[in-house]
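Work through the exercises below with the sequence and the model open. Try each task before reading its solution.

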Amino acid sequence: MTDRATAGLETAGLRQSRRLHMLRALCAGLTAHEMLCCVADQAMAELGGFAGMVHWSGGQGGGRRLRLVAVSGLPRPALQEWAEIAEDDIHSALAIAFRDDGYVCMPAVCGVRPLDGEPVVAMVAAVPLAESDAQLGTLSVLTAQGEPTPAQRTFLDQAARWVVTHVSSPEWVVDRRGLHTQPVGSDLRMALDAVQVGSWQWNISTGDMSWDDVGLGLLGVSGAGVRRLGSWADLVYPDDLPKVMAAVEESLRTGDIYEADYRIRRPDGTTRWMRSRGRPVPGDRGEPERVVGTVWDTTESRIAPQAVGDAMRYMGDAFLGVDRNWLITFLSGAAEHLLGRARDIVGRGLWEGPAGQVAGLEERCRQAAADNVPVAVDFRWPTDGRWYHMRLAPHPEGLTAYLTDVTDDRTRAARREADRRARATWPDVAEQSGPIGALAVALSEAVTMQDVVDVLAGHVMPRFGSAGLLVQVVGEGRLHVVGAVGYSEDHIRSLERLPLSGSGPVEEVTRTRKPRFIGSPAEWAARYPWLAHLLGTSGKQAWAFLPVIASGQPIGCCVLSYYEPRRFTREERELLTVFSGMFAQALSRARLYDLEHARAKTLQHALLPRALPSTPALTTAARYLPASSTEVGGDWYDIIPLSADRVALVIGDVMGHGLAQAATMGRLRTAVHTLADLDLPPGEILAHLNDLFTDLGDEFYATCLYAVYDSVTGDCSIARAGHPPPAVILPDGSVSFSDLVPDPPLGAAEPPFTSVRICLPEGSRLVLYTDGLVESASRDIDSGMAELARVLTGKPVRTTTAQGDSQAELEQLCDAVTGTLLPAGRETADDTALLVAYTHRLPPDAVACWELSDGPVAAGEARTHVREQLGVWALDDLVMAAELLASELVGNVVRHAKGPARLRLLRSRTLVCEVSDRSAATPRIRRATDADEGGRGLQLVAALSQRWGTRYTSDGKCIWTELPLPQA
């Protein structure tokens, strides 16, 4: 070996030694996930690659997979195809290295070049992560530098051994799904991170501000970025700053609690919603000297309402709202086309515009508002002459109106009636009129664009002996292929990449509105030499390009092609031109239908929960499967955290299909969230929802099941309105259904609603579902429930304390239920929602309860109990605040309620302090003047606690507060 080669090896070895030394130095301060990202980064740097990855093994049996848990170099979305790899994949370097327990380097396709579509090939170097008795995963690098050198391979092996040594040590927790990013014993830190409530302080005289680390993290800035009030104000959205400052000035003037919602613009370009609450602190002279408060992120709670508002704004049907004086308060985009721009119309009277010109419409609407009864009426709009169906729904603040264009429906209905009469007179009209009549009948029954393409493939292609069919429409400056028969995927992709430049046959036909017939490849090459490369991928030698023109506007082109050169006769050209005019209208109608259907599905998905909340009481999994029909449905589900580690489980089904049902489902879900905040019993929740549906009119009905699970007692209270009963899987694997007789559906029931309470042992599973899972045209609901019980029976809960294990078990259970009762490929006429919950109990040593004496001595007893119990729980940092809260709440009972009081403490993700009494009177925060002796207790409770509220019990009420647990 030469001196230069020896020096190179020494340099590489020294560099690798320094990298490993740096990893050892950083290990003590990193979480597992951060450590793996660091290892992937060092491996990528050493091999000169463009991405480093760590995969972890998960699953059981034949379904085991390597899952991507850490990445460096490229963003995770760019490595989507590497997210999960089957361990038995014979073409993957990662799977081979994992199975053979050795180094593997082989080429792999990492994407395609955007200009020519050619594949991008890189080398994948992978080594296994293995202990003495188990395979854990792989460490790999994507590189364009060729195969790694022996020294680089040695570094990969050393890094893999280093990872195994640290990850398998007791301070890190590993499960089959991946890696927990927190060390064992950091539950307090995890709970504090989950709360994400920051604190701040503002010195009024100097304008200085100070923030804790959580608050700075919420703002997305460093401490130096918001040391002054003006720096914080620069982050606030300009439209929101005036109302925030007005709230601050009002608080300083009155001394009351300050609270405001506003948006901030982070330095990284993102916008988040914040809620800030504070109170002024007086100085020595009694004047406000500073303001202290808290701040937390409320973006997630606004996503669903904002999505609903955006969906309503851009929905296909016109939607508008008016107040009690018939002044317009809201207009959707479609409604603007009928009434005018929103900025010019909102605030004006409805009858001042075109609506006032519709004969009899104002009288019908005013009568409906006076009777508080929804109405539906059809009328012709004066500005465009089209027919609309209006549904007017009164509510306490005014009315909402939905206007649906039914011109095409009325036209189709008239046409169907005329066809029916014609068939009664001439039953063989389609046969007598030949292929044109048969095509017309088939196109009249086509609904979607795919239906239209299928009709052309079944009627036009055989009639003219063509071997290929292409249907293209114009959109966004390009021609998009919406249907193809007889063409390869490569050829279709080539067509999609062509710009709408006006130089090709499709562009010529679309521009001139005249058909073009090309009889041979030579004629094609002579006319369009720049498109000669398409001849090889198409495999065709003759073409008929037919313009698709609807309502006087060209919307695309239909292409019939042939395997052999062809001379088109005059008769064929004329007949093809006639056919193109016939299916143009059908394609235009189907295109609008597909667009409306896509918008309806967008609305429906926006209304369903994006992710189920994580709670200590339940581990949950859910499935939503739409029906095979093109109409959207109204099935929905939800998980709502309540006070004292209680959780509400909700599932429902708005009867029928369509945009109105999906919108009604969104209104119902929003109403349930609002009512759940009041902590009402399940029966009362359904009673309020029934009132809402009664106001909607006879057109709407819904089934609903509302359950509340208490993790302290294990009790589950259930009420259901026309909904199938829940299934309960006990820890031994036995299955039972609730024997509660259901009340009628919402909109048809008469309160009160019946509820039942069952006790669920630790580890029970609750299965909620809609009727689409167990009922169909070929199976009644009793048979479906029996089949569901058979699938669920014999699945006992495994003895495990890992929440990840129970989550994986629930996902497998959901797949087993839907795969058995709704097998793939079977047509379903109804939507299906499935919600499965794994119940947890709060440990007995995390609950403490005391009966207090009747009278003023109760406050002292409460402080003593709190102080002693928090000492047992090692929560001494919370003693002062918890003592003060308990004392204030007990004192409120002594002064204003009926004793004796009962005190309960719960230690979960937060510290919950509850005081119960036998009075139904609900306390409310009021503004106390300087001369008042009381009225400030609840203000103090609100300032000290993270959350607080009141719920009714069977013999009175309970006031609860939550305090965040201190950092470990």
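**Exercise 1.** Which residues touch the most other members of the largest nonpolar core?

Some ground rules come before the solution. The model is predicted, so local features need pLDDT of at least 70 and side-chain atom pairs pLDDT 80 or more, while totals for chains, interfaces and linings use all residues. Residues are numbered from 1 along each chain as its sequence is written, and side-chain values use heavy atoms, without hydrogens or water.

*Solution.* 
- A nonpolar core is a set of buried Ala, Val, Leu, Ile, Met, Phe, Trp, Tyr and Cys residues joined through side-chain atoms within 4.5 Å. Buried means under 20% relative accessible area (1.4 Å probe, protein chains only).
- Read off the residues. Leu649, Leu689 and Tyr706 touch the most other members of this 55-residue core.
- Find the main contributor. Helix H22 (residues 659–676) supplies the largest share, eight residues. Helices are DSSP runs of H or I, at least four residues; strands are runs of E, at least two.
- Check for a separate core. Another one has 34 residues, including Ala442 and Ile555.

**Exercise 2.** Is Arg646 buried or exposed?

*Solution.* 
- Locate the residue. Arg646 sits in strand S26 (residues 646–654).
- Apply the cut-off. The relative accessible area of Arg646 is 12%, so Arg646 is buried.
- Find its polar partner. The Arg646 and Asp679 side chains make a polar contact of 3.2 Å. That term means N or O atoms within 3.5 Å, one able to donate a hydrogen and the other to accept it; residues adjacent in sequence count only if both atoms are side-chain atoms.

Definitions and conventions:
Buried < 20%, exposed > 50% of the residue type's maximum accessible area, 1.4 Å probe, protein only.
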